[in-house]
Amino acid sequence: MSTEPLYHLSDHVVVEPLIDKWIAWPHNFSPVLYGLHLLNYQKEVLSSYLRNPSVHVRSSRNPKLLGGPFVDIEENRASEVKDLLTTIEQSRADLLKLASDLTEFQNMLMQTATGQSVETYYEQLPDSIRGFVELGYDYHNHPVVRCIESLFYESSYFKRNSQSIRIFSLENDDSRPYYMSTPRLANSNDIEWNISFDSTQIDELFKLDICPQSLDYICNLLGLTLYQDTSRLLPLLSSNPYTPTEPWSGDGLRLRYFGHACVLLEGKGVSILTDPFVSTIPKQAGIDRLTFKDLPAQIDYVLITHGHHDHFVFESLLRLRHRIDTLVVPRSSGVFHGDLSLKQIAQKLGFKRVQEVDTLESISFSGGKITSIPFFGEHCDLLHAKSGYVVSLGEEQVLFAADSCCLDKRVYENVKNIVGPISTVFIGMECIGAPLSWVYAPLLPIKPERSHDQSRRSHANDAVSAFNLLQAVGARRAYVYALGREPWLKYFMALTPADDDLYMQEVRKLFKMTQTSGFLDTQMLYGKKDLYLESGRS
């Protein structure tokens, strides 16, 4: 019998999916959006850094400027940033040309197409987008260039060779620079793995979370040399005994809060995970949390509410892909280039079972069903794919509303009339939100006016709109989540929470309103939490 030790990934290990050295997220994955983001954000940020690296480093360390367009890379590595920019400009010249041509053509069309037939404009299409777009109008004679997303994915514009994995140890929750502004330059102890995200070899790496393997096996998988690379690899592994997490088998439902909008619902033999954003445990552990080892080996459904970077998280989704049976995503319209098909992204990420749902469509399973419901707000008034979900299981109905904002109470009254009262609601209250330009500026053909930019925000509910939603669906329990306050979210959310900030003031207002209205339970979730809904109790 072999006594060779078996290893799993250490608790403090991060496996970071990258695209051209930047953290992978929907806006640099889809070809059209990557071209626009590269042209209008990444190139500008790197060029600004190279003009004055010290200003960027100082600004990126200023809490008041957190989330700004500042590169957090020390000055002595500026030459590496210059090389990265040069490589991107040369190797992604076709994407940059695509983005420039698309924007120029859209603006020309807006000026000249005023209701007459658009057929003659096909001859004016630049070669970079010709054969990939359809031209048309909305009902007010505003011209629209519809990018046919599937054609772009099957073309040379989709760069599988841009994809890689970076494996490293996380020292503390503050170790990771802001995801959008800072590319990831490898350190000497990091392991870089050039591999496309849809490769099944990635599943073999992440199976180490639940099925330890020998050091030789892991080296072969990563293309490492057993003796030369052991000093880098061993600190990322652990040979401590591993105990698998057993599925919940108690009475009623258990809901485990993993942070932000990530909740695991288990009961009656089914497991459902929402918007997975799962933390690792850094060496300097910080607050207590649930992590990948706390998830079951089989997850029946993963529900994605929308395509924002903190809800459609590549890092967590890829790590869990081999455990997930079905990934559920909202349907996109396919009209606007920013309204990405989350189904197509998921398929290009290697997911085999992706179910796209439209409003009020249901997915049935033994003992229950998942129903997609309307999701208003959050996208700065852009009509992009999004969905809330009602999970009906036994006698319970649970709504995961994510960043929905109750802009029209009657919508939720209609939902209640159709699906029945929803006793338990997970509701977002990030009530300020980022302005339109924060994420969307690189995608817009025309820079928004400042007044428009500030008034159109990605925000969820304040106390009044949250209470309206809860009343409309007949809720008895309310759990405030998706606030982005956990410390491991800082590099993604650019938030510095305080106990007296406006978010907390609105949460406390909501608590007072629910307490005087006879709610059974109202909590703000933070860190980790186990909640139990017992059968037969209202």
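The model is predicted, so local features need pLDDT of at least 70 and side-chain atom pairs count only at pLDDT 80 or more, while totals for chains, interfaces and linings use all residues. Residues are numbered from 1 along each chain as its sequence is written, and side-chain values use heavy atoms, with hydrogens and water left out.

Helices (H or I, at least four residues) and strands (E, at least two) are DSSP runs, numbered from the N terminus. Two strands pair if DSSP finds at least two bridges between them. Strand S15 (residues 362–365) runs antiparallel to S16, joined by four bridges, and Phe 365 has Gly 368 as its bridge partner in S16. The two strands form a hairpin with two residues between them, and in the turn Gly 367 has a positive phi of about 90°. S16 also pairs with strand S17 (residues 388–393), again in the antiparallel sense, over six bridges; here Lys 369 stands opposite Ser 392. Buried means under 20% relative accessible area, exposed over 50%, and partly exposed in between (1.4 Å probe, protein chains only).

Val 335 is found in the loop between strand S13 (324–330) and helix H10 (342–348), and counts as partly exposed because its relative accessibility is 31%.

Leu 236 sits in another setting, the loop between helix H8 (230–233) and strand S8 (237–238). With a relative accessible area of 3%, Leu 236 is buried. Apart from neighbours within four places in sequence, its contacts (heavy atoms within 4.5 Å) include His 8, Leu 9, Val 13, Phe 168 and Ile 191. The C-alpha atoms of Leu 236 and Leu 383 are separated by 42 Å, the two residues being 147 apart along the chain.

What of the cysteines? With a disulfide taken as a pair of cysteine sulfur atoms within 2.5 Å, the count comes to zero. For Cys 219, the nearest cysteine sulfur belongs to Cys 211 and is 17 Å away; Cys 219 counts as buried, at 1% relative accessibility. For Cys 406, the nearest cysteine sulfur is that of Cys 405, 7.2 Å away. Cys 406 is buried too, with a relative accessible area of 8%.
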